[in-house]
Amino acid sequence: MRLEPKPAPSLGVTLLFPIAAIVVTLLITSLLVLAAGASPFSVFYLVAKGAAGSQFALLETLTRATPLIFTGLAVAVAFRAKLWNIGAEAQLYIGGVVTVVLGTGALPLPSYLLIPIIMIASMAAGALLLLGPAVLKTRFGVDEVVTTLLLNFIVLLFVSMLLEGVLKDPMGLGWPQSSKVIAEAQLPRIIQGKRLHYGFVIAVVAAIIAWIIMKKTVLGYEMRAVGHNPEAASFAGIPVNRVLMKTALLSGGLAALAGFSEVSGLKGNLTLDLSPGYGYSGIVVAMLAMLNPLGVIASAIFVAGIFVGADAMSRTAGVPSYIAQVMVATALLTMVTAILLTRFRVRWR
Amino acid sequence: MEQAIEILFTASFWVAAIRIASPLIFATMGELICERAGVLNLGIEGIMTVGAFAGWFTVYSGGDLWTGVLIAALAGAMFGLLHATLTVPLGLSQHVVGIGITLLATSLTYFTYRLALPQVTTPPKIEPFQPLPIPGLSKIPILGEALFSQTPLTYLAFATVAIVAWVLYRTPIGLAVRAAGENPSAVEAQGISVTGIRMGAVMVGSALMAVGGAFLTMSAFNSFFFEMINGRGWICIALVVFGSWRPGKALLGAILFAAFDAYQVRLQQISGGVVPYQVFLMMPYALSILALILVARRATYPKALMIPYQKGER
């Protein structure tokens, strides 16, 4: 069998395959729901209701989408330049570390100074963390997939060490957790008494800025050129290695903001369960958005909705909430296949 | 300080090193086969998770140990088939598909575990593989004890290396696999299907990864728990590079790595808590990165690694 490019896919075809991907994903998850002894229709209804059925559900989905927008953006900009950053999880935690280091009273500044300082410092830390693998890639030819993946484990152990050592909350009853950040370092809530915080607004602004960088600046053009064909980009006079460095700084910085916003906006302190794999889910978010920064907002809300909805559903329907992760991973694989099939025709001979 | 050196001369240390090496040997051979055929398989971490669960669950539900190993291998091969279908004929990004397979395999395993055992707080145990000392050989001090008083699965791991090396270098099929990773058009010119070779390699490789996972639940430990693979799959990818895509060298790398891992656990015990234990736990991951840096300059990747092949295209 072979693949032939389609001349110009019509609008119908462009929509048909992604819709088919969603249908296939739902069919596969239905089989699992049936295996769990529940009815797929009621389970999907409960997931949708849990994700968007009430004001509480909707706000919860947006709250959960916030870190996913940041990690999704981090992956989207990196993958566009074919810099395979699978280390958003580590960069997120480093952002959280910087937030509690600076935010628990070390800098007695008013909010309007303290929060920007923490944001910039978090981004710098995340950026530097990814710069390491990027330098190893360009200087020594070490594959960044493996180094970023291994760094996830190293950084998590490092955070665990800090939480049992210098950052340990003296009032924490022995739990490995940091002290709470001071009031001036907290992002305010958007609606009083609800969990949704201004981290969501920052995430949306970050997506818009990332979109402008990717579509309207020379750097964005260079990143796309390097991702498309590094040899050709180099031949055209684009400094490939330098572009990859800048991409790494941007990507690592964005992922670190996820950690900042979770600590400063939602949790208040740093624990070892700050992220239930937001770094890895960010890969799915970015791919579903076809690496478009603005699309990341929508796909992060979609993925967050599945997670939040599945949590609510599993409490009532008794289907394990891991169904959400299965659904999201299946959606990733079916969607990349669907996107390929809109562009190519499969010939069997 | 003396204590730190004495460790190296105890049999129990080397027995532990070989035991820790065993799952890595299986999975490293699996990844090596895939990469030699030109496919990077980042599904390894998830496929090991599937294998760990499938093998353990088979025995837990009343199957015997070898059936468990077989079921684990089959489950791994199925995920390998999915990976291969998406990356070989369809030529999708091996990075994205690999991570997707890891996410899917891991979450499916956790889902199935929760479904099968809804209300367990401590993971149930099985009767795992027992050590099978080889008469005579296991009596040789240190070396004999380390190599010949292990479980049958460890012997299988070593046999796997020999078989993989023999197939890759001494059989026509091995030649085709290596050529598919170096110069696929040459394979096609011989009338052999590159797609077929690559898909087969990924399936066999994935089956070995799953057996590596099964080793953990059926030989090293006796139960399945979440996140038990703990980055071993990624370490195996580093080991393949470290072993410059050769089975013998990769085996040596796996044993070296495992010896280091066994050593840090023992150092941790004699350091008496002066150094935080997390520093010791970081060492295996840091060592893998270091090993990659050391060999990167002279690493000769299979030339067609990660390059999809389309018939008739050049």
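Buried area is the accessible area, found with a 1.4 Å probe, that two parts lose on being put together, summed over both. In this predicted model, domain 1 and domain 2 of chain A bury about 1600 Å² between them, and the area buried between chain A and chain B is about 4000 Å².

**Domains of chain A**

- Domain 1 of chain A consists of residues 1-37 and 319-349, while domain 2 takes in residues 38-318.
- The C-alpha centres of domain 1 and domain 2 of chain A are 26 Å apart.
- To the contact between them, domain 1 of chain A contributes 21 residues and domain 2 of chain A contributes 18 residues.
- Carbon and sulfur atoms account for 82% of the area that these two domains of chain A bury between them.
- On the side of domain 1, A:Val319, A:Val328 and A:Leu332 lose the most area to domain 2 of chain A, together 33% of what that side buries.
- Between the two domains of chain A there are 0 salt bridges and 2 residue pairs in polar contact.
- H1 and H13 of chain A each supply at least two residues of the side of domain 1 that touches domain 2, and H13(A) provides the largest share, 11 residues.
- By class, that side of domain 1 of chain A has 15 nonpolar, 5 polar and 1 charged residues.

**Interface of chain A and chain B**

- In this interface, 45 residues of chain A are in contact with 46 residues of chain B.
- Of the area buried between chain A and chain B, 81% comes from carbon and sulfur atoms.
- Elements that give two or more residues to the side of chain A touching chain B include strand S1 (2-5), helix H1 (11-35) and helix H13 (323-343).
- H6(A) gives the most to that side of chain A, with 13 residues.
- The side of chain A that touches chain B has 35 nonpolar, 6 polar and 4 charged residues.

**Annotated segments of chain A**

- An unreviewed UniProt entry carries the annotation "transmembrane region" for several stretches of chain A, among them residues 12-36, 90-107 and 322-341.
- Residues 12-36 of chain A are 96% helix and 0% strand, with end C-alpha atoms 36 Å apart.
- Residues 90-107 of chain A are 78% helix and 0% strand, with end C-alpha atoms 25 Å apart.

Definitions and conventions: Residues numbered from 1 in each chain as written. Chains lettered and ligands numbered in written order. Predicted model: local features only at pLDDT ≥ 70, side-chain atom pairs only at ≥ 80, totals over all residues. Heavy atoms only, no water. Contact = heavy atoms within 4.5 Å. Helix = DSSP H or I, 4+ residues; strand = E, 2+ residues; numbered from the N terminus. Nonpolar A, V, L, I, M, F, W, Y, C, P; charged D, E, K, R; others polar. UniProt positions renumbered as here; feature names shortened; annotations may be inferred. Domains from an automatic or database assignment. Salt bridge = Lys/Arg side-chain N within 4 Å of Asp/Glu carboxyl O. Polar contact = N/O pair within 3.5 Å; in protein donor to acceptor, adjacent residues only side chain to side chain.
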